[in-house]
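The following note is intended for a colleague who meets this structure for the first time. It is arranged as numbered points, each of which may be read beside the model.

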Amino acid sequence: MDIELLFAAAGQILNPWPFFLLFIGTSLGILVGAIPGMTGAMLIALTLPLTFYMDPFNAIVLLVAMYVGAISGGLITATLLRMPGTPAAVMTTFDGYPMARSGKPGRALGLGITASFIGGLIAWITLATITKPLSIFATKFGPFEYFTLIMMAMVLIASVSEGSLAKGLISGLLGMLISMPGVDPATGMPRLTFDWYMLNGGLKLLPVLIGVFAVSQIIKDALDIGQVPERIAMSSKGMLMSAKDFMAQGVNLIRSSLIGTWVGILPGIGASIGSVIAYTAAKNMSKTPEKFGTGSEEGIVASEAANNATVGGALIPLIAMGIPGSVIDAILIGALMIHSIQPGPTLFLTNADIVWGMIAACLLANVLMWLLMTSSVKYIAGLMYLPRSFVLPIVMVFCVIGSFALNNTMFDVWVMLIFGVMGFLMECAKIPLGPFVIGFVLAPLAEEKLRSGLMMTAGDFSPIFTRPLPLFFTILAVILLLWPIVGDWMRKRRASQK
């Protein structure tokens, strides 16, 4: 760890303007996370146009702060409404809501907030210590290593995302296909443009992201606009964890944080699965597993420590290798590209200030998140009851402005609307959006690496099977692809034998 660079980045963030952006980002993330239907991905996609004219350092500070805040804010609605503000908080509903209904909403929120903070802190230590060594190792990768790593990540994303493996693969391949129109990087000739000059530059990342994440959610919420949530009387009693609580929950906190961190490192899996695994582990190792689902403190702590830990974990492959650890990380990669910063293992060499700024912002946003949520969760909770008929039109206006501002053309607005409808239809068909976006972001990089490798070897594919790392990644991808199929077959066989 470069302590001097880390302290320099932290010092820069503590200057008035960057700190203001950190505060705004964390606050907005918490607020959006606390409003059912709004997600961190949606907020960050909508904020990207506002960062066009910002200094890249400040832009990254703002977006990382939003990321940390949004994952944490989801626990408020999960606890008070039994409605996770973000998918990452879904496991918190199982115990947070019953505890709040039993007259202890402050206790449930306090456990979740402090567990989120500890989870974020442990993940940050991992982020700050192993990212640079990993990036140095990744600089030894050639084009075939990168290509097979991206393919392995795509298969992993498809196999563990919500829904079936087939739907995950369809989503990922669709995202890759959508990235194909434009000028062929090798020949310089238009490809899949159907003689439509507007497609010569390809489909831009921003309108696609806003459409898939924001507009699709607006359509979904508009169809259920009359829903009125049940109110729970809010109280701050028991908000702060005592030394006795830390002693009782210490092992659970550390175990769940480590699970969340390592799940976050795996490309594309994200906070939802991290919290599910940590919650299951906590239940299996608990002395009182029967209390899980009825207001268990262990359940709340496990879920929230793990889902916040995935934030720091997911930033590791992004910074070290340019591979997104989650959907929001895919958007952050887009943000780096918009600011002419090439993600990947050389990021520590070419933009060390940005990297350490990202790492420092993750820590400071986590501290700020704890302070803000502990002191004002009672007031933030009121946002949950804002009528959707008031919120949705405002968000839609920001969607249109954000897409139009990219090139000052209505073409991008139409692209946003088309992908909004497409994202809505995909969700109706239970096709996950995560593999689609990550496929869209990673396909051009995979194509570039494969073509570079083939140019170096005069069209010879054999290095994929003769070099150790490409062979390892290929075998792992095949195992990941076949494992769900083999697992289903084994389960059916056991069931038939019974």
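**Note on a predicted model**

1. Arginine 191 is found in strand S2. The model under discussion is a predicted one. With a relative accessibility of 18%, arginine 191 counts as buried, because the cut-off for that class is under 20%. Once neighbours within four places in sequence are set aside, arginine 191 is in contact with Met180, Pro181, Gly182, Asp184, Pro185, Glu447 and Arg451.

2. Leucine 192 belongs to the loop between strand S2 (190-191) and helix H9 (205-222). Its phi is near 55 degrees, a positive value in a residue other than glycine. Most residues other than glycine have a negative phi. Leucine 192 is partly exposed, its relative accessible area being 41%.

3. Lysine 430 is placed in the loop between helix H17 (410-428) and helix H18 (433-456). Is lysine 430 buried or exposed? At 59% relative accessibility, lysine 430 counts as exposed, since the cut-off for that class is over 50%.

4. Helix H12 (residues 297-321) and helix H4 (residues 56-80) form a packed pair, with an angle of about 165 degrees and axes 10 Å apart. The two helices are therefore roughly antiparallel to each other, as the angle is over 145 degrees. H4 passes H12 in a right-handed crossing. On the H4 side the contact involves Tyr67, Val68, Ile71, Ser72 and Leu75, which meet Glu304, Asn307, Asn308, Val311, Ala314 and Leu315 in H12. By class, this contact of H4 with H12 holds seven nonpolar, three polar and one charged residues.

5. H12 packs against helix H15 (residues 352-380) as well, at an angle of about 175 degrees and with the axes 11 Å apart. H12 and H15 are therefore roughly antiparallel to each other. From H12, the residues Asn308, Gly312, Leu315, Leu318 and Ile319 meet Val355, Met358, Ile359, Cys362, Asn366 and Met369 in H15.

6. The crossing of H5 past H12 is left-handed. Thr92, Asp95, Gly96 and Met99 of H5 make the contact together with Glu297, Gly299, Ile300, Ser303, Glu304 and Asn307 of H12. The residues of the contact of H5 with H12 divide into two nonpolar, five polar and three charged.

7. Which residues touch the most other members of the largest nonpolar core? Of its 139 residues, they are Tyr67, Ile76, Leu203, Ile319, Ile359 and Cys399. Tyr67 is one of the H4 residues that meet H12, while Ile319 and Ile359 take part in the contact of H12 with H15. Not counting residues up to four places away in sequence, isoleucine 319 touches Leu127, Thr131, Gly344, Leu347, Phe348, Val355, Met358 and Ile359.

8. Helix H3 (residues 40-47) is mostly covered, with eight of its eight residues buried. The buried residues of H3 are Gly40, Ala41, Met42, Leu43, Ile44, Ala45, Leu46 and Thr47.

9. Valine 212 lies in helix H9. With a relative accessible area of 1%, valine 212 is buried. Residues up to four places away in sequence aside, valine 212 touches Phe419, Gly420, Leu433, Phe436 and Val437. Valine 212 and proline 317 are 105 residues apart in sequence, and their C-alpha atoms are 24 Å apart in space.

10. Phenylalanine 19 is found in helix H2 (residues 16-34). At 33% relative accessibility, phenylalanine 19 counts as partly exposed. Not counting residues up to four places away in sequence, phenylalanine 19 touches Ile13, Leu14 and Leu368. Phenylalanine 19 and threonine 474 are 455 residues apart along the chain, and a distance of 44 Å separates their C-alpha atoms.

Note on methods
Residues are numbered from 1 along each chain as its sequence is written. This is a predicted model: local features need pLDDT of at least 70, side-chain atom pairs count only at pLDDT 80 or more; totals for chains, interfaces and linings use all residues. Side-chain values use heavy atoms; hydrogens and water are left out. A nonpolar core is a set of buried Ala, Val, Leu, Ile, Met, Phe, Trp, Tyr and Cys residues joined through side-chain atoms within 4.5 Å. Buried means under 20% relative accessible area, exposed over 50%, partly exposed in between (1.4 Å probe, protein chains only). Contact means heavy atoms within 4.5 Å. Axes are lines fitted to C-alpha atoms, for helices over the stretch in contact, and angles run from 0 to 180 degrees between N-to-C directions. Helices (H or I, at least four residues) and strands (E, at least two) are DSSP runs, numbered from the N terminus. Angles under 35 degrees count as roughly parallel, over 145 as roughly antiparallel, 65 to 115 as roughly perpendicular and the rest as oblique. A crossing is left-handed if the near helix is turned anticlockwise from the far one by less than a right angle, and right-handed if clockwise. Ala, Val, Leu, Ile, Met, Phe, Trp, Tyr, Cys and Pro count as nonpolar, Asp, Glu, Lys and Arg as charged, and the others, Gly among them, as polar.
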